[in-house]
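This briefing is intended for reading alongside the sequence and the coordinates. It is arranged by topic.

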Amino acid sequence: MPVTKPAVPAVEGWFTTGDEPVLLGSRCDACGVVAFPPRRSGSGCPDPRCRGTELSEHRLARTGRVWSFTDAQYQPPPPYVSPSDPYRPFVLAAVELDADGLVVLGQMVEGCNAETVTVGQPVELVVEPLFETDETIQLVWRWRPAGA
Amino acid sequence: MRDDVVVLGVGMTAWGKWGRPFVDYGVAAAREALDDAGVDWADVDLVVGGETVRNGYAGYVAGSTVAAALGFNGAQVATVYGACASGAMAIGHGRAQILAGLADVALVVGADTTPKGFLAPNAGERPDDPDWLRFRLLGATNPAYFGLYARRRMHLYGATESDFAKVKVKNARHGVDNPRARYRKEVAEEEVLASPVVASPLHLLDICATSDGAAAVVLASADYAARRAGGGAGAGAVAGRPSVRIAAVSTVTPAFPDTGLGLPDIATDSTATVAPPPRSFRDSIAHTAYEQAGIGPDDVDVAEVYDLSTALELDWYENLGLCPAGEAEQLIRRGATALGGDGPTVNPSGGLACFGEAVPAQAVAQVCELVWQLRGEATGRQREGARVGISANQGLFGHGSSVIVVR
């Protein structure tokens, strides 16, 4: 009988899973500056003018527009793990979020290619399998064309 | 000026993919620089190495590894690492020690042996390392970032793949007569566009290779240089040759909030609550160098800039102030930055397009080329009458550098 592997984030504490997933940033309690990936609790605020050391979790906007994009025609070296054999190229997009004032990288979902993606295109965040190990399905965030 | 730091000698191996230990290259470049300077190794009282991170412990302590290979002479030693800026940081350290009166003659060396293919993070499971994470989570190679920057130029300024290819054509032509270049063959625009896409919109021939190689400079206080010129062994090596001095070394970090999406970042800083600084990170690297040297972009005759990709060279034109933002394509289209063009000559050596990148050596190699240009010794690729040269590069983790040399 097939056993369902547990699906776990490929990196801990950077995003939620389930419906309408979001990226999890950090927010400085003193001045409100947001950062992604979330800053470590020992780091404090990234603004050099702020002395804040207390950070809280911040849910980033899950929609944005493509700021720029490229693709990976050749398989990246480890620790990248190709989910397919043979390797299939993917599109990488830098997305300017609709709020929070930052640009976040992510792969575009499968089916996108450099001819179909455009700068300025609206996208939304999804969470999908990145690759599988013997024990788990590793999850990562991706960008999907809005309304697709 | 008495407080100047003079470049007494330069040395550089040919760039290639030989697979020999990095120290062999480092020693060859060091010996050539010492001979060029007419300085005995025994006279060197400071050795500064650029660290190489892919060659084991010997690479972590590159300064002492090269010193030991030359025969330990009791000099002070330091090894520095700043990704692609390592070589400039090494020069900066040597210069500062000399300016502080703590050293008279410094040997600065960068050398590397690189693996084939994409540069990748060191092996092992290292989920706390941002460089490891960008590969694991996103498959974001270095060329992927170059592709993102290139696409942004196309969107903002109407750049085309043909504009990018023209940079390769120019640099390939510059490198043909450079005996130290790895690739010495003219390349046609059509060949660039016909080469396979690596990271859209960039083709294989838009992106630099990784190489083995080493470069070295011998720096000295103005007093030491004057004493040498006064006579004694080796004085002939500098007689009749214009004196080249280091006018600036900039190794600034970005200022918050940095909107540049530098390697290996997965996101930019947020501008939601704090406005971006007046200058981008790359702009600030050059600006700081100009301020130190007391000159501006109009004074520049030659520039050696980090053409990791062809499109990035266009970014640098603007970052160095050679033209306003959005006008770099006009410079390359009319041949302004080529030898014989009507602007500052950019990458007369052939640049990374002809050399490939040897990380800790590259920023030193840029300075070597500028020194040859200012001395009028760049046979076959000489910018006539060059008096002011500037280098520029950017590397991982908020590193970048610019060095200005003048005669």
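Predicted model: local features only at pLDDT ≥ 70, side-chain atom pairs only at ≥ 80, totals over all residues.

In chain B, an open sheet of 10 strands with mixed pairing has the order 3-2-4-7-1-8-12-11-9-10. Strand 3 (76–80) and strand 10 (345–346) of chain B each have a single partner strand and stand at the edges, so one side of each is left without a neighbour in the sheet. The contact between the chains takes 38 residues from chain A and 36 residues from chain B.

**The sheet of chain B and its helices**

- Strands of a sheet pair through backbone hydrogen bonds, in either a parallel or an antiparallel manner.
- Strand 2 (residues 46–50) of chain B runs parallel to strand 3 of chain B, and 5 bridges join the two.
- Within this pair, B:Ala78 in strand 3 of chain B is the residue opposite B:Val48.
- Helix 3 (residues 62–70) of chain B lies across strand 2, strand 3 and strand 4 (105–112) of chain B, and runs at about 125° to strand 2 of chain B.
- Helix 9 (residues 222–229) of chain B also packs on the sheet, where it touches strand 1 (5–12), strand 4 and strand 7 (213–221) of chain B. The direction of helix 9 of chain B makes about 90° with that of strand 7 of chain B.

**Strand 2 of chain A and its partners**

- Strand 2 (residues 24–28) of chain A is mostly covered, as 4 of its 5 residues are buried.
- Strand 4 (residues 55–59) of chain A is joined to strand 2 of chain A by 5 bridges, and the two run antiparallel. A:Leu55 in strand 4 of chain A is the bridge partner of A:Cys28.
- Strand 3 (residues 34–35) of chain A is likewise antiparallel to strand 2 of chain A, with 2 bridges between them. Here A:Arg27 stands opposite A:Val34.
- Strand 2 and strand 3 of chain A form a hairpin with 5 residues between them. In the turn, A:Gly32 has a positive phi of about 90°.

**Backbone geometry in loops**

- Most residues other than glycine have a negative phi, and most peptide bonds are trans.
- A:Asp100 is not a glycine, although its phi is positive at about 80°. A:Asp100 is placed in the loop between strand 6 (90–97) and strand 7 (103–108) of chain A.
- A:Asp100 has 24 other C-beta atoms within 10 Å and is therefore buried, the cut-off being 20 or more.
- B:Phe397 is another residue other than glycine with a positive phi, near 60°. The loop that holds B:Phe397 is between strand 11 (388–395) and strand 12 (399–406) of chain B.
- B:Phe397 counts as partly exposed because it has 14 C-beta neighbours inside 10 Å.
- The peptide bond from B:Ser200 to B:Pro201 is cis, with omega near 5°. B:Pro201 is in the loop between strand 5 (197–199) and strand 6 (202–203) of chain B.
- The peptide bond from B:Leu263 to B:Pro264 is also cis, with omega near -5°. B:Pro264 is found in the loop between strand 8 (244–250) and helix 10 (281–293) of chain B.

**The contact between chains A and B**

- Chain B contributes 36 residues to this contact. The elements giving two or more residues to its side are helix 5 (130–138), helix 6 (142–157) and strand 5 of chain B.
- The residues on the side of chain B that touches chain A comprise 22 nonpolar, 10 polar and 4 charged.

Conventions
Residues numbered from 1 in each chain as written. Chains lettered and ligands numbered in written order. Buried ≥ 20, exposed ≤ 12 C-beta atoms within 10 Å, placed from the backbone. Pairing = 2+ DSSP bridges. Contact = placed C-beta atoms within 7 Å. Axes fitted to C-alpha atoms, helices over the stretch in contact; angles between N-to-C directions. Nonpolar A, V, L, I, M, F, W, Y, C, P; charged D, E, K, R; others polar.
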